[in-house]
Amino acid sequence: MPLDKITSVVARGVHVPGSDIDTDRIIPARFMKCVTFDGLGQYLFYDTRHEMDGTLKEHPLNDPRFTGAGIIVAGINFGCGSSREHAPQAIHKAGFKAVIAQSFAEIFFGNCATLGIPCVMATAGDIEVLAEAIEADPSVEITIDVEKCEVRYGDKSFSVTIPDTAREAFLAGTWDPIGELLDGADAVTATASHLPYMGA
Amino acid sequence: MSQSLFEKVWEAHAVKKLSNGQTQLLIGTHLIHEVTSPQAFGMLRNLGLKVKYPHRTFATVDHIVPTKSQTEPFADKLAQEMIQALRENCKEAGIKFFDIGSGGQGIVHVVGPEQGITQPGTTIACGDSHTATHGAFGAIAFGIGTTQIRDVLATQTMALSKLKVRRINVDGDLMPGVYAKDVILHIIKLLGAKGGIGYAYEYGGSVFDNFSIEERMTVCNMSIEGGARCGYVNPDEKTFAYLKDRPYSPKGTEWDAAVARWKALASEPGCPYDDVVNIRAEEVAPSVTWGISPDHGIFVNERIPTPESAANDDERDSIVEALEYMKFQPGTRIAGTPVDVCFIGSCTNGRLSDFREVAKYLKGRKVAQGVTAIAVPGSEIVDHLCRQEGIDKVFSEAGFEWRHAGCSMCLAMNPDKLIGDQLCASSSNRNFKGRQGSPIGRTVLMSPVMVAAAAVTGTISDAREVFEMNSDAA
């Protein structure tokens, strides 16, 4: 199953401030009633974007200046909470291609990687300066260089951390592991044969 | 070299190294439910793949199940669509489905153990972050996303990076009125909501030796709230006694062989850990959360933190945000805060022993006026056993609504929801903003007995005082 190699992501950014932005905040559980992920994009950050009566609140994603942004810039422990893939899917379906944050929750990070969404880690200082640059000029183009572990925008750049396993998978086009997993079918049978509970 | 249980189970299930350096890990037991599996079956169909080991896949329906009337079709069309999709997917693939009314339906993390599907030394995956619950049996159990569900359905494996292991010892004697829930809330408070990232938590020490299997499940269940991908307790005689004669437990000579294998899997004394944390049981008191993250915990007799107490700017921002959302005054005592709703249930605290313990104290008492109190058994079996013991009556007579089994108000994907900014004393596992169904609803996590204390007094209260617990009653 050939996949695109993801060597870099180039897009405009939107800064979503705050730490510990959890998966219920990214998409409230009540919108997860679905048998397909299509259409989840409209519920991204729903409760932080809408008043109880449905009118729009002040939120970066409601700000027309950031319409069309493809990179979310966030704080610490982004995506904590649930393992439900609805949160990364909502981000994906809303058109985002990558996230830059100080740190990520583990399951969320893995779910994003499998969807081909690089989640890269940067220092608080670099994120703050980037956020200011986006605020000053929402049209600034941001490049996440997966190969060089670097973020560039305007005349600035800073280095980011991408765990090796994810980085290699993006660069090799194996970020969706299903192909390799299927290739291992014989080895799976062999491993299972040593485990009595796998039964017949 | 001596090994931890995690190392041994990992080695036994490692299929091969993948090109990105991750491991292809065999998942022996796959548990599925209606919320996260239909999309995975859809992906499978798109790829022209079939379920590889249907006999190692087990399904139930829990998140969207109404707990008042279960007559179908459900009022919620989407919920009906989801249960229908699961039924059809299971039928087509030949997967055992514990459906509503089968006698075996319930929250997936209650069903696995009570059926004997959850066994020591196995790897378990489920599209739900509270899958670590199964670690109480010495299983390595992971919460996974839907694409990984697809991987497990299609290959019975998934790609995973090996975790480090942190041993958490809790030694000594817990004081009366202090429960497993208080122990895990305390651990999360100490280590933080992200302290466990990259780790499997191995819980041990005399407190865990003395804990029942169900108490161990309560602790393992919330590992993810501390950031740990999985958590476990080494299997012992209690584990084996719990599993004996369960429907899916090994039988006859296979049972003896299995027990011998399980015993050999426990972490060896002196085995290396990546980190060790020691906690004294005497330090732990009945705990509640005051904020919007499970690590926002305090003892019930403490004061709500002030922004000034923060160690750094991030923590201060987090406290300010939490206080604003919770509408709490910094520096005031949390005890005495009025509650609107009391919820006892969930995969954390919805088992027979939870309801039994609460019933001991609830008998002869009444839920305070103006408080809505609901009790939701974790499974049809828990419901049945509670009814056999008359526990449901104790709850009903006290003014609790006794409901059908499901996840219910833990995450409110069914009709059980907070309204407006109602404050809920909850035995569940997450106090995230909007978690219980209202975007401005407020959740205070605590043990089931503490929820009962809140229910009868109408305020957050120290159960030890309300129920006059002393050392003799322990």
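Two strands are said to pair if DSSP finds at least two bridges between them. Strands (E, at least two residues) and helices (H or I, at least four residues) are DSSP runs, numbered from the N terminus. The structure is a predicted model, in which local features need pLDDT of at least 70 and side-chain atom pairs count only at pLDDT 80 or more, while totals for chains, interfaces and linings use all residues. Residues are numbered from 1 along each chain as its sequence is written, chains are lettered from A and ligands numbered from 1 in the order in which they are written, and side-chain values use heavy atoms, with hydrogens and water left out.

Contact here means heavy atoms within 4.5 Å.

A residue is buried when its relative accessible area is under 20%, exposed when it is over 50%, and partly exposed in between (1.4 Å probe, protein chains only). Strand β5(A) is largely enclosed by the rest of the structure, because four of its five residues are buried. It pairs with β1(A) in the antiparallel sense over five bridges, and among these residues R12(A) has E141(A) as its bridge partner in β5(A). Strands β5(A) and β6(A) are also antiparallel, over four bridges, with T143(A) opposite R152(A) in β6(A). The hairpin of β5(A) and β6(A) has four residues between the strands, and in it C149(A) takes a positive phi near 50 degrees.

Chain B has an open sheet too, built from five strands in the order β17-β16-β15-β18-β19 with parallel pairing. Strands β17 (401–402) and β19 of chain B stand at the edges with a single partner strand each, so one side of each is left without a neighbour in the sheet. Inside this arrangement, strand β15 (residues 341–344) of chain B runs parallel to strand β16 (residues 372–375) of chain B, and four bridges join them. V341(B), for its part, stands opposite T372(B) in β16(B).

The loop between β18 (423–426) and β19 (442–445) of chain B holds Q436(B). With a relative accessible area of 1%, Q436(B) is buried. Leaving aside neighbours within four places in sequence, its contacts include F343(B), M409(B), C424(B), R442(B) and T443(B).

Helices of chain B complete the account. The axes of helix α2 (residues 38–47) of chain B and helix α5 (residues 146–155) of chain B come within 8 Å and cross at roughly 55 degrees. That makes α2(B) oblique to α5(B); angles under 35 degrees count as roughly parallel, over 145 as roughly antiparallel, 65 to 115 as roughly perpendicular and the rest as oblique. Residues of α2(B), including F41(B) and L44(B), meet residues of α5(B), including I149(B) and L153(B).

Helix α6 (residues 180–191) of chain B contains A180(B), which counts as buried at 4% relative accessibility. The C-alpha atoms of A180(B) and F211(B) are separated by 7.9 Å, although these residues lie 31 residues apart along the chain. In helix α13 (residues 352–362) of chain B, the buried residues include L352(B), F355(B) and V358(B). Just after α13(B), G364(B) takes a positive phi of about 80 degrees.

Methods: Axes fitted to C-alpha atoms, helices over the stretch in contact; angles between N-to-C directions.
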